[in-house]
Amino acid sequence: MRATASILKKLATQMGAVVFIEPEYELVGHITFKNGKKSVFNNTRLDINGFGSSHLASDKGYCNYFLKQFGYAVTEGKTFFNEKICAYIPNPRNIHDGWNYAQELGLPVIVKPLSLSLGVLVVKVYEKEEFYQVAEKILQTQSGLLVERFYSGNDFRILAFDDEVVAAYQRIPLSVIGDGNSTIMQLVENKRQKFVKNNEKILIDLEDFRIHRKLHRQNLSLETVLPEDSLVYLLDNANLSNGGHSVDFTDSIHPDFQKLAIKITKDLGLRLAGVDIITTDITKPLVDYTVIEVNSAPGLGHYMSLGEIQTQRVENLYLKVLQALENQQSLAMVNCTTAAH
């Protein structure tokens with residue numbers, strides 16, 4: 001059974017709820033609590049966040065707009081659309097406008113889909129040919145894309161639920177360390193086999209054009225034998241689902257960053273969110289930061305793989321979420337009864 005579904009079933013059952021999991025893919029589940037409240041989950045998408053807020057967070061362009069209106073430091077960028085969308089929207093901006101804007105921002109820029117997750121097709125673009133290659137790939141299946149300024153710094157995710165920060169960790173892009181004998185391809189395959197052994201769903205595609213371009217800029221290829229202890233990054237984006245790894249900062253995150261993540265979550269109308277930011281150091285007072293995006297259905301499997309402490313934190317979070325879902329029904333029943341009288 002998939003990790004999230006397994007945890008939710010275990011915890012809900014302990015609460016006296018009845019849980020059914022769709023057996024073929026083991027991702028979608030239905031919960032009936034003791035008080036009769038029913039709830040559905042789809043992998044990490046739970047009923048704890050409202051539909052409107054979740055949908056807003058999933059659209060990176062709209063999310064950035066509103067966060068900026070609320071006074072947060074967000075990535076500077078614009079949305080651009082395929083020809084079908086451009087044909088009927090009031091202010092069309094096509095792929096060529098996107099390239100012109102990229103030049104205005106100054107290369108390199110980040111190009112990414114408006115609504116895809118897991119770091120799919122998120123690319124750091126250095127020149128015109130690469131821009132069009134990436135943009136065309138995105139617009140083949142997506143209505144729009146984002147062109148954003150590139151920000152240097154460390155990539156952190158802060159997980160907030162209501163008035164507390166549950167976890168905070170740095171996300172580091174897919175990389176390998178040389179042993180003096182193995183090629184980069186062999187090192188990546190070794191890493192992938194470890195993920196498989198640990199039952200982690202990691203998407204490492206050695207045919208990914210982003211990996212080949214990243215290596216090419218370093219005068220390397222998949223056949224290169226790396227010297228012992230030499231570190232090479234294979235991707236620019238730090239998504240853990242693409243093979244990146246994380247470093248836990250939950251015990252050392254500064255209160256300033258805790259307050260920031262909690263406030264962002266609430267201002268977007270969410271109760272549970274993974275707030276992704278670029279900054280230098282989250283253990284020190286907040287001086288400078290940039291919000292990359294907000295995830296209303298954060299995956300926590302990779303964080304749990306760090307150890308027993310992290311696994312317990314995730315289980316504690318999901319228990320609180322389930323209790324909140326059950327209590328929402330109780331509160332609603334009280335309100336309905338009061339209104340009736």
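Reply: First, what counts: a salt bridge is a side-chain nitrogen of Lys or Arg within 4 Å of a carboxyl oxygen of Asp or Glu. D267 and K263 meet that, at 3.1 Å, N to O. Bear in mind that this is a predicted model.

Me: OK, and where do D267 and K263 lie?
Reply: Both are in helix α9 (residues 255–267), four residues apart, about one turn of the helix.

Me: How many salt bridges by that rule?
Reply: The count comes to 18. One of them pairs K112 with E293 at 3.7 Å, N to O. K112 lies in strand β5 and E293 in strand β14, so this pair ties together parts that are 181 residues apart in sequence.

Me: Is K112 buried or exposed?
Reply: Buried, with a relative accessible area of 3%. E293 is partly exposed, at 22%.

Me: And what about strand β14 as a whole, how covered is that?
Reply: Mostly covered: five of its six residues are buried. Strand β14 runs antiparallel to β13, joined by five bridges, and D276 stands opposite E293.

Me: Switching topic: what's the volume of the second largest pocket?
Reply: About 630 Å³. Among the 25 lining residues, G61, Y62, T79, R93 and L146 are the closest to its centre.

Me: Which element gives the most to that lining?
Reply: α3, with five residues. The lining divides into nine nonpolar, 11 polar and five charged residues.

Definitions and conventions: Residues numbered from 1 in each chain as written. Predicted model: local features only at pLDDT ≥ 70, side-chain atom pairs only at ≥ 80, totals over all residues. Heavy atoms only, no water. 1 Å grid on protein atoms, 1.4 Å probe; cavity = no way out; pocket = protein on both sides within 12 Å on 5 of 7 lines; lining within 4 Å. Points joined across faces, edges and corners; volume = space filled by probe spheres on them. Helix = DSSP H or I, 4+ residues; strand = E, 2+ residues; numbered from the N terminus. Nonpolar A, V, L, I, M, F, W, Y, C, P; charged D, E, K, R; others polar. Buried < 20%, exposed > 50% of the residue type's maximum accessible area, 1.4 Å probe, protein only. Pairing = 2+ DSSP bridges.
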